[in-house]
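Have the viewer open as you read.

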Amino acid sequence: MDDYPVINAGVLRLRHPINWQPVQQEQVDFALAAPEAGKGTFRANAVIRSEATDATIQQLSTWSIASAMADLPNVYMIAVNLWPTAAVPARSLEFTYEAEGRCIYVNKYIFAVSGRAVELTFSCTVLQLQSYAQLFTFMASSVEFTSETAGGR
Amino acid sequence: MTDYPPKQPRLDEWTSGIAQEELEVLSGISAKQPYTSGGPWVDLAALQLLFKAAPKGKLGRFELSGQEEPIDRLAEAGLMTATGKLTREGEFLAGPARSAAAGVQLSGSLGSLRTGLQLWIGESGALVAAGPSYHALLAAARRGEPVNSQLMQLDFVGHESIPTAVGQWLGLGPAWSIAGEPGVLPAAVLEARIADDTAPAPAEADSRFLRMWHEPWAVYTVAMSPGGFRAGLINAAASGFYRFGKVDGGVGLTPLPSGQLWSVLVNEIGGAAAGRRR
């Protein structure tokens with residue numbers, strides 16, 4: 001696992017490829033991105049956001065779907081799944097959207113963690129997905145909550 | 001991540017009971033994202049003529065004779081001049097056909113309605129010829145109207161957008177996927193249900209199986225080349241997708257969760273396109 005060190009990303013810890021680097025983004029808790037691979041190549045990335053809320057996982061999931069469909073261009077919602085790997089109520093969303101001539105695939109994990117909503121969002125292009133699908137699942141499976149208590153919803 | 005709706009969303013009561021946990025309703029999402037295209041509609045004869053014109057950008061003298069009707073249709077669609085020369089839009093759409101060595105072919109039905117989707121994947125992207133999509137079939141079936149399965153809507157789709165276009169055309173979207181019993185049934189029983197939605201379910205069917213059985217079914221066969229991928233798919237509306245195929249003792253009928261079908265589209269189309277590039 002030396003190639004996949006654990007990083008402390010605020011509300012959660014997760015493993016990531018050793019060559020992924022933290023990047024600065026506004027309005028997020030933490031963001032990691034794959035190495036630069038030349039001009040025009042989309043950098044696959046993982047973004048973590050969290051917020052205090054009493055919303056249930058059903059509310060968070062429904063809201064997340066609705067806001068993606070309202071806010072992103074040409075959204076195509078593919079799947080919503082339970083994410084029983086997490087120790088707290090969770091969902092995994094998959095969708096694509098189109099921006100700047102690219103079709104971007106998004107795999108968003110939503111967790112209801114004792115009074116907080118936590119989102120872990122992976123993005124890559126659809127053509128990159130074959131290379132990243134297993135990595136995204138592995139990284140999501142490695143999530144541990146740093147301030148986790150027993151009372152998720 | 002603000003402004004959460006104060007109310008609990010509507011729950012899928014039946015599925016929540018099966019899953020033993022509260023699950024939000026997903027069944028309305030797919031209808032909000034139907035396959036859409038602004039491309040021209042043509043019939044098979046016109047499409048074949050477009051392919052003939054693709055290599056040189058125009059029809060040869062001998063290819064013109066006796067083709068007045070399809071040329072007229074292509075001219076009406078803005079793809080060809082009356083003298084058999086491809087217009088700029090015609091050149092653009094026919095582009096993938098010149099280099100295509102990978103293809104995706106789907107045929108489908110919903111009750112008595114028939115449809116099909118074909119993609120030719122070339123270097124620049126894919127030429128799509130789409131018959132009525134899942135949501136178009138469903139709307140026609142609800143109104144008791146026919147669809148014109150002889151017409152196809154042409155469009156150009158970039159490589160990255162191919163799985164999305166196919167998924168939207170199939171009506172793939174979020175659904176809670178639930179396995180029922182039996183998972184294997186006699187071929188004649190499945191064929192009867194495909195032909196007639198009032199056909200009886202197997203006597204041993206459990207409530208999970210019956211829920212899927214009584215949804216409207218759109219039935220598809222998918223073929224991709226190169227690679228030889230083949231699959232039989234059923235879009236069972238709120239019950240999601242099922243895959244069917246021959247197994248020992250009959251036909252296997254297994255749930256195919258939406259994310260898994262998406263992976264199949266990405267991997268198999270990506271594989272077919274990669275095979276083209278080799």
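## Ground rules

This is a predicted model, in which local features need pLDDT of at least 70 and side-chain atom pairs count only at pLDDT 80 or more, while totals for chains, interfaces and linings use all residues. Residues are numbered from 1 along each chain as its sequence is written, chains are lettered from A and ligands numbered from 1 in the order in which they are written, and side-chain values use heavy atoms, with hydrogens and water left out.

## Where the chains meet

Chain B touches chain A through 36 of its residues, which are in contact with 38 residues of chain A (contact means heavy atoms within 4.5 Å). The area buried between them is about 3000 Å², and carbon and sulfur atoms give 61% of that; buried area is the accessible area (1.4 Å probe) that two parts lose on being put together, summed over both.

Two salt bridges are counted between chain B and chain A. A salt bridge here is a side-chain nitrogen of Lys or Arg within 4 Å of a carboxyl oxygen of Asp or Glu. B:Glu160 and A:Arg102 meet in a salt bridge, 2.9 Å from N to O.

## Helices of chain B

Helices (H or I, at least four residues) and strands (E, at least two) are DSSP runs, numbered from the N terminus. Start with α7(B), residues 162–170: nine of its nine residues are buried, so this helix is largely enclosed by the rest of the structure. Buried means under 20% relative accessible area, exposed over 50% and partly exposed in between (1.4 Å probe, protein chains only). Among the buried residues of α7(B) are B:Ile162, B:Trp169 and B:Leu170. Just after the helix, B:Gly171 takes a positive phi of about 80°.

Next, look at α2(B) (44–53) and α4(B) (68–76), which pack at an angle of about 80° with axes 9 Å apart. Axes are lines fitted to C-alpha atoms, for helices over the stretch in contact, and angles run from 0 to 180 degrees between N-to-C directions. The two helices are therefore roughly perpendicular to each other, a label used for 65 to 115 degrees. B:Ala45, B:Ala46, B:Leu49 and B:Leu50 of α2(B) meet B:Pro70, B:Ile71, B:Arg73 and B:Leu74 of α4(B).

## Salt bridges within the chains

Over all chains, the count comes to 10 salt bridges. In α4(B), B:Arg73 pairs with B:Glu69 at 3.6 Å, N to O; the two are four residues apart, about one turn of the helix. B:Arg73 is partly exposed at 25% relative accessible area, whereas B:Glu69 is exposed at 56%. Salt bridges that share partners join B:Asp43, B:Glu69 and B:Arg73 into one network.

Which residue forms a salt bridge with B:Asp12? The partner is B:Arg211, with the closest N and O atoms 3.9 Å apart. This pair links distant parts of the chain, 199 residues apart, with B:Arg211 in α9 (207–213) and B:Asp12 in the segment before α1 (13–19). B:Asp12 is buried at 14% relative accessible area.

## Backbone details

Most residues other than glycine have a negative phi, and most peptide bonds are trans. A:Glu100 has a positive phi near 50°; this residue sits in the loop between β7 (90–99) and β8 (102–113) of chain A, and is exposed at 82% relative accessible area.

In chain B, a cis peptide bond joins B:Glu181 and B:Pro182, with omega about 5°. The bond from B:Ser225 to B:Pro226 is also cis, with omega near -5°.

Note on methods
Parallel < 35°, antiparallel > 145°, perpendicular 65-115°, else oblique.
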